[in-house]
Structures are given as structure tokens and as C-alpha cells.
Amino acid sequence: MSRPDSCATCGRMIFRHVVTCGGPCGLLFHLTCTSLQPETDPATFDELSWLCDGCRLFLALPPEVWTVIFGQLDVPDLLGVRRTCRTWKQLVDESPTLRARLSVRIEDDHRLNYDPVVPAASRVSITVSEIEEVDPWWPTFGAKLVSVELNECLISLATLLEMLRQAPLLKELALFGVIRSDYHVRDMAGANFRLDNLEKLALGECDERKFLPTLVKMFAKMCPRLKYLAVRENSNRKALIRLVRAVQSTLQGIKFEVTFKVLEALMKLEKLQLKHVTILRVIKFSEEAFSNFFKAQPSIEYLCIGPDALQLLNAETFALLKLVTIKIELLDNFTLNLGHMPTLKHLELTATGFHHPDLIFDDRTQTPNLEDFRLFGAQLVGSSLANFLTRCPRLQLLRLAYLEASSSHGFGSLAQPFNAVQTLKIDECDLPRPLLLNLLRLCPNVRHLELLAVPEVDHAVVRGILKRFPALRRLALFTVHDYASLARCLIKYHGPDLRQLDLKYRRGFGSIDAATRAKLLEHFGASGCRVRFYWRDEEVYGQDLMKF
């Protein structure tokens, strides 16, 4: 049967003796139009190994150059590059920089005992699976992994140890809700190797209460250079302390549930110098032990704490800490009083309950060097937030998400703008239009603006934004309005410095038609602006327990 394809060199139809370029172009050629000898039988050579003159020149660039170029691509585009040709696949698979951006997720695979087709990646997450056997596929795949997460998996201790043994480059390991299968103490004999590169270890609840202490004891011998440790369940205090004692000279961060006995044991470790501390829950506490622990760790720079634990710190102890980052999780109405904190640069307040607690900023909170402020899920009360922001002259990033407000809350009467703010992000906030417009007015030097799922954002607001911020470099919008009209507004009023435009839409509430997409890509592509539709920013890998 004839093949009505045309030759890329002469343009004539190809009916036989076809040669396909193995490079990125993938074009077809007559055998006589290639550099191959005419008498060569096409069946005797590998077509993927032959390159046309254009691809040969194209691929002559050093791998370092291609690594830089591919590093600018989104993950879907990077995977597309990997599927283009053998040369680029090998380049992506062997580059630690590019491979670090790829992760594999295996979900709801009830029995993982086969050889799955997985690309080379640096991270893998396996969820709700029964892992019976890993020999057929894990050795090659695991050899390049730097992060592994097992979540609600049924796995024997012997199989888990074999997986870890064949991942020598592993830097992050998270085990959440791992259920032991056929566990026996003799399986511990398999822990006769070390994970010298492991820096982060997160252990969550296990259905078998004795299994988590077993893991803690095991990792105390296997992880000599551990830097960050997170243990959610405090089922065995002695095992936790043993692990911390074993790695006290390298440990920098800990995330744990507090009891006064654990605090007293940690204070006795002379080599322990923590920089990151996250208190998941206060179970049994003593105010004296709580304060003494923080006095014994003056090197702490990052503190994640709840209001109940925060109240256990007296003003004297709190003043001794040279904190750079504070994250406070709110459950109920709260008045923030941090006092004078000249070293603080990052502050995050997050409501963790199902309602929006009232939040008031005490006037005694002074953070003159604050650069990054994030507020999630609170109910604004009065003008305390506006007054607080005026006391942050160096604030560069302001993010507000899941907020409820009913008035201008003092922003309308402010005359002093937030001149240092360059990044403004407003997500899922039900804000009155006057409050939204006043926030934009007070940030005249914004270069990066995100307005995601804000009901008051329409074409008029977008037009005003583009006129007010001609030097805007990135704009991200998530709306359900008419995208054709929005595209015309963006094309007409955007500034010359815009370099990235992100338009996100909610599936089921309208979409951007092909003609509008083509018009936006053509216009902004000519001006050097990158356009993304329904994008997804890179997420921090792992669950909250892994984050430090």
C-alpha cells in the first residue's frame, strides 16, 4: 500500500525506501535524498539513529546549553521534550537539574506487584497501594530518586528496607499511615545499611501503634546526617528522644507533639542547635519547661506554633528569640501581640478551622524589617490590619487568601502607600470593591499581581489595573467572566514590561475558546510575553508534615 507522504528535501511523494529523521523534526526523506548510501536497505539500520542536517546542527549545542533552555519550560512541555527523540530523552533523564522537576504519583493502585511504565524522576509518591514486590522496576527507578513518600500503603518492613537500600541518593523520606504487613522483629536485621544523604524524615501515624516506634529506632541507626525530623504521633517518647540524640549534631529542624518530658530530655542534649521548630500539638506541658526549652535554643529562626502554645511563652522568653519566620495557626478569635521584633522578616497567619476567626493586630506589634506577610482564612476586624501594614516599611510581598471583609477596614483613609510592596496576591477573598481598589491604590510599585477567584474583578477593574501599573511584569487572573472581552482588554491596555500572563478558568464554568487563545498567543508572543492557560504553579512536595 502506498504512503502518500512527501520528502522533506525534494518535496515529492514517498512510496518506498522511506527514512525518518530520529531528531526533533521527525520528517520523512527519500533514501536517495539522505546521506545514506542508495544500496543501503532501510531495514538494516536504526532510523532513530539517523539525523538530518538540520537536526544534526541543532543537536550540536553542548548539553549544558540545552539544560538551561529546557529549564525554562513547564513540566508538561519538559515531558513533551523528553518524548521527542532519544537524544533529548537521555539528556533529561541524566540531568539532575531537569529530573528534579519531575515527580511520579502512583495512586489507588491496590496491588503494586508489576513493572509500571514510569519516566526517570527525582520524586515518587505512592498512595493507597499494597506494595508486594519492587524487584522488577525499582532498582533502576529508585537509583535516581531523591524523595519518596508512602501514604496509606500496606508494605512489609523487609520490602520497605529493600526499597530504601536501592535509593542511595535519597534526601527526603515521608511515611504517612504506613500499615505493616507480616511484620516480625527479625526483619530489623535488614537495616544493615545507612542513608548517608537523607536530610528530611517525616513519620506519620501508623495503624499499628508498635510499628512507628520500630521505624524511629531503625532510622536512629540509618540516618547519621539527618537535618529535619517530623514525627506526628508521640506513641513512644523514648524512641523519639533516641533518634534526636543520635543526630543532634546535624539536626536543624524538628516538628513534633510537645510533652514536658520530651522538652526536658531535649534540653539535656548539648550538641542540639535547632533553627526550625514546629509544635504540632501541646499534650502535657509545663510553662517552666516550655520557656526553658526556648531559652536553651537561642538559635531558633523559624517557629510554627499555635495560639495555645504561643501563650505559654512569656514576654521575656519571646524577646530572647531572634526569629526570622513565624507561622501561627489560628483556631479561634485571636489578638496578635508579638511586641518588638526587629529580626522578623516572614510572618504567616493561617486559620485552620472551618470558620473565619476574628483577627486583631495589637498596636504593640512592631516588625520594622518584615518583608513577607501572608494571611489566610481570617475575618478582618476594624482597621488593625491596615495600621499594622503601615508599620512595615520594608514589606515586599503581601498575600491575602480566604478572607472575609464587609467594609474598607481603614484602607480607604490611609494616605501613606506601601511603596516597597512588589508582589500582591489576593486569592479566594470576598472583598468589597472599595477595599480591593484601595489595596491596589496603596501598592503603586507592584510588579507581580495575582487576583484569583475575587468576585469583584471584572473588565473594568482589569482595565484600571493595566492603566495604573504600566510597569507590571506578571499578571495572573482567575475569573469566570467573558474571556473574549477580557482578551481584548488585555491586548489593548497592557504595558510594555509585561512578561508573563496567566489566565486560569474553572472547569465547568466556561473556558477560553481556541480563537481567543490564538489571538492572545499571537499578540503577546510577538512582544516576548509568556501566556499560560489553566496553569498550575509548582507545589511544595509532600504533605504538611514534610514542609519545613
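Rings of Phe, Tyr and Trp (its six-membered ring) pair if their centres lie within 6.5 Å; planes under 30 degrees apart count as stacked, over 60 as edge-to-face and the rest as tilted. The model is predicted: local features need pLDDT of at least 70, side-chain atom pairs count only at pLDDT 80 or more, and totals for chains, interfaces and linings use all residues. Residues are numbered from 1 along each chain as its sequence is written, and side-chain values use heavy atoms, with hydrogens and water left out.

**Exercise 1. Count the aromatic pairs, then describe the one between phenylalanine 290 and phenylalanine 294.**

Step 1. The structure has seven aromatic pairs.
Step 2. In the pair of phenylalanine 290 and phenylalanine 294, the ring centres are 5.3 Å apart and the planes make 55 degrees, so the pair is tilted.
Step 3. Both residues sit in helix 11 (residues 287-296), four residues apart, which puts about one helical turn between them. Helices (H or I, at least four residues) and strands (E, at least two) are DSSP runs, numbered from the N terminus.
Step 4. Check burial. Buried means under 20% relative accessible area, exposed over 50%, partly exposed in between (1.4 Å probe, protein chains only). Phenylalanine 290 is buried at 1%, and phenylalanine 294 is buried at 2%.
Step 5. Widen the view: ring pairs join Phe290, Phe293 and Phe294 in a cluster.

**Exercise 2. Work out the order of the open sheet of three strands and find its edges.**

Step 1. Two strands pair if DSSP finds at least two bridges between them.
Step 2. The order is 18-20-22, with parallel pairing.
Step 3. Strand 18 (334-336) and strand 22 (379-380) each have a single partner strand, so they are the edges and one side of each lacks a neighbour in the sheet.
Step 4. Zoom in on one pairing. Three bridges connect strand 18 to strand 20 (residues 358-361) in the parallel sense. Threonine 335 has isoleucine 360 of strand 20 as its bridge partner.

**Exercise 3. Sort the residues of strand 5 by face, and name its parallel partner.**

Step 1. In strand 5 (residues 103-107), Val104 and Ile106 form the covered face.
Step 2. Ser103, Arg105 and Glu107 form the uncovered face.
Step 3. The partner is strand 6 (residues 123-127), parallel and joined by five bridges. Valine 104 is opposite valine 124 there.

**Exercise 4. Which residues touch the most other members of the largest nonpolar core?**

Step 1. A nonpolar core is a set of buried Ala, Val, Leu, Ile, Met, Phe, Trp, Tyr and Cys residues joined through side-chain atoms within 4.5 Å.
Step 2. The largest one has 163 residues, and Leu150, Phe219 and Phe373 touch the most other members.
Step 3. Helix 8 (residues 211-222) contributes the most, with six residues.
Step 4. Follow phenylalanine 373. Contact means heavy atoms within 4.5 Å. Leaving aside neighbours within four places in sequence, the contacts of phenylalanine 373 include Leu347, Phe361, Phe388 and Arg399.

**Exercise 5. Is leucine 490 buried or exposed, and what does it touch?**

Step 1. Leucine 490 belongs to helix 17 (residues 483-493).
Step 2. Its relative accessible area is 1%, so leucine 490 is buried.
Step 3. Not counting residues up to four places away in sequence, leucine 490 touches Val462, Leu466, Leu475, Leu477, Leu501, Leu503 and Phe524.
Step 4. Take Leu501 from that list.
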